[in-house]
Amino acid sequence: MSGDLDIDALLAEHGLRSGEARELGRAALEGAGLTRPGKRNLAAGKRPRVEEVIAAQFVRTCARPHCREAAAGDGRIVVDLDAPAARLCEFCGGSTNRSAWERALVAMARRDWHRLVVVGGSPPLHHELRALVGGRIDLRLVDGTARRTAHDAAHDLAWADRIVVWGATLLDHKVSQLYTDRRSPKVVTVAKRGLTALAETIIKTAE
């Protein structure tokens, strides 16, 4: 009928693409009373309910080891996504940056670190970093090209669990020196550009 949804196509759209995954998905929909054995289509109006059932019963993960490890401890049925569906991964969304920051946040939590200062970085990078962190830690982003005083740096040092000086970005030497010259174990530097490199530096120092 016009407007109806193909069940197999709908399951594939949500990452349940293999034969086994489709069978499990169909069984879940049948168990929820959304379809019955032998039916190929369902009413378009049932899409929201289908999405709720899939989200409740299945955890979808890409091939990244960290994502697979997280999925294994989730408690729901694990669905291994193929490469074209990696964007549906519930842990990284198919993003290298997101995957790295999920690991960084776990590493910080294990050390009981909740306050991070990042010195340097452009406004677009700051915006993306805030989105990746999502309010799960207290984040202070320092403009590496703006005027900064020794008092400001001392306040950051007292407040933070970790300070990362992002040397490969927009960062004046006189600003970075305010932090690096203190030679505090809280202060680390990263020479590479990119949010993944920033996250990996935090992970390494938390080991």
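In strand 8, which residue is the bridge partner of valine 165? The partner of valine 165 in strand 8 is threonine 189, and the legends below set this pair in its surroundings.

This is a predicted model, in which local features need pLDDT of at least 70 and side-chain atom pairs count only at pLDDT 80 or more, whereas totals for chains, interfaces and linings use all residues. Residues are numbered from 1 along each chain as its sequence is written, and side-chain values use heavy atoms, with hydrogens and water left out.

**View 1. The whole chain, with its helices and strands.** The protein has 9 helices and 8 strands, where helices (H or I, at least four residues) and strands (E, at least two) are DSSP runs numbered from the N terminus. The radius of gyration of the protein is 23 Å, well over the 17 Å that the globule rule gives for 207 residues, so the protein is more spread out than a compact globule; the radius is taken over C-alpha atoms, and the rule is 2.2 Å times the number of residues to the power 0.38. Along its principal axes the C-alpha trace spans about 70 × 35 × 25 Å. Of the 207 residues in the protein, 44% are buried, a term that stands for under 20% relative accessible area, with exposed meaning over 50% and partly exposed the range in between (1.4 Å probe, protein chains only).

View 2. Strand 7 (residues 162-166) is mostly covered, with 5 of its 5 residues buried. Arg162, Val164 and Trp166 point one way from the strand, while Ile163 and Val165 point the other way. Strand 5 (residues 115-119) runs parallel to strand 7 and is joined to it by 4 bridges, two strands being paired if DSSP finds at least two bridges between them. Valine 119 has valine 165 as its bridge partner in strand 7, and valine 165 in turn has threonine 189 as its partner in strand 8. Together with helix 8 (residues 173-180), strands 7 and 8 make a right-handed β-α-β unit; a crossover is right-handed if, with the strands pointing away from the viewer, the path from the first strand over the helix to the second runs clockwise.

View 3. Strands 3 and 4 run parallel and are joined by 4 bridges, and the bridge partner of arginine 60 in strand 4 is valine 79. From strand 3 the chain crosses through helix 4 to strand 4, in a β-α-β crossover that is right-handed.

**View 4. The salt-bridge network of Arg60, Asp74, Arg76 and Glu90.** These four residues, Arg60, Asp74, Arg76 and Glu90, are linked in a network of salt bridges, each defined as a side-chain nitrogen of Lys or Arg within 4 Å of a carboxyl oxygen of Asp or Glu. Arginine 60 and glutamate 90 meet through their side chains at 3.3 Å, N to O. Arginine 60 lies in strand 3 (residues 58-61) and glutamate 90 in the loop between strand 4 (77-80) and helix 5 (96-110), so this pair ties together parts that are 30 residues apart in sequence. Glutamate 90 also forms a salt bridge with arginine 76, at 2.9 Å, N to O. Arginine 76 lies in the loop between helix 4 (65-72) and strand 4, so its pairing with glutamate 90 ties together parts that are 14 residues apart in sequence. In the salt bridge between arginine 76 and aspartate 74, the closest N and O atoms are 2.7 Å apart. Arginine 60 counts as buried because its relative accessibility is 11%, whereas glutamate 90, at 26%, counts as partly exposed. Arginine 76 is partly exposed, with a relative accessible area of 25%, and aspartate 74 counts as partly exposed at 32%.

**View 5. Arginine 140 over the ring of tryptophan 159.** Arginine 140 lies over the face of tryptophan 159, at 4.0 Å from the ring centre; a charge sits over a ring if NZ of Lys or CZ of Arg is within 6 Å of the ring centre and within 35 degrees of the ring normal.
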